[in-house]
Amino acid sequence: MAMAFKMATEGMSVKEECRRSFMEMKWKKVHRYVVYKIDEGSRAVMVDKVGGPGEGYEELAASLPIDDCRYAVFDFDFVTVDKCQKSKIFFITWSPTASRIRAKMLYATSKQGLRRVLEGVHYEVQATDPTEMGFDVIRERAK
């Protein structure tokens, strides 16, 4: 247990592809979402999956594993009551109850390093099961 804690507190590096894919999503609208994972072997956060511009929140939720942690960013487009088109970016920390304790520790301690790289996130959601990050939760937070 001491080894896992030591590794978790040292944090992870963030690959350049993480920032690049986020900027492509934010400015060019090339991706609808980006899922990030920690590779324990290289001790780095890297891109796990990107969702095309035609994909939605359901595809993002379906791409998250039920037994391992992930980070994700989602570009949520919506229309306000004033009929204005808006876009908000959500940062999601996915830490399901079925994941390993070591993975939960690594993701919890490495989150701020990734968040510093992803400039322009509007809201943050932490979820341990799908109901905590349902589409209704995202829509309600964006209002």
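The protein chain of this predicted model contains 5 helices and 6 strands, where helices (H or I, at least four residues) and strands (E, at least two) are DSSP runs numbered from the N terminus. Read from the N terminus, these elements follow the order α-β-α-β-β-α-β-β-α-β-α. Residues are numbered from 1 along each chain as its sequence is written, and side-chain values rest on heavy atoms, without hydrogens or water. Because the model is predicted, local features need pLDDT of at least 70 and side-chain atom pairs count only at pLDDT 80 or more, whereas totals for chains, interfaces and linings use all residues.

The confidence of the predictor in each residue is expressed as pLDDT, from 0 to 100. Its mean over the protein chain is 90, and 92% of the residues reach 70 or more. Over residues 1–9, however, the pLDDT is below 50, and this stretch has 11 contacts in the model beyond near neighbours in sequence; a contact means heavy atoms within 4.5 Å.

The overall dimensions come next. The C-alpha trace of the protein chain spans about 55 × 30 × 20 Å along its principal axes. The radius of gyration is 15 Å, which agrees with the value near 15 Å that a compact globule of 143 residues would have; the radius is taken over C-alpha atoms, and the globule rule is 2.2 Å times the number of residues to the power 0.38. Of the contacts with a separation of 6 or more, 62% join residues 24 or more positions apart. The chain exposes about 7700 Å², of which carbon and sulfur atoms supply 55%; accessible areas come from the Shrake-Rupley method with a 1.4 Å probe, and for residues only the protein chains shown count as cover. Among the 143 residues, 43% count as buried, that is, under 20% relative accessible area, with exposed meaning over 50% and partly exposed in between (1.4 Å probe, protein chains only).

V45 belongs to strand β3 (residues 44–51). In sequence V45 and S13 are 32 residues apart, yet their C-alpha atoms are 6.2 Å apart in space. Not counting residues up to four places away in sequence, V45 touches M12, S13, V14, K15, C18, Y36, K37, I38, Y71 and L114.

Helix α4 (residues 101–117) has 17 residues and reaches 25 Å from its first C-alpha to its last, close to the 24 Å expected at 1.5 Å a residue; the expected span is 1.5 Å times one less than the number of residues. A kink of about 40° in α4 is centred on S110, the bend at a residue being the angle between axes fitted to the seven residues ending there and the seven starting there. A103, also in α4, counts as buried at 1% relative accessibility. Leaving aside neighbours within four places in sequence, A103 is in contact with D68 and C69. A103 and C69 are 34 residues apart in sequence and 6.5 Å apart from C-alpha to C-alpha.

Two loop residues remain. K29, in the loop between α2 (16–28) and β2 (33–39), has a positive phi of about 60° although it is not a glycine. K29 counts as partly exposed, at 39% relative accessibility. K83 lies in the loop between β4 (70–79) and β5 (85–94). K83, likewise not a glycine, has a positive phi of about 65°, and with a relative accessible area of 70% K83 is exposed.
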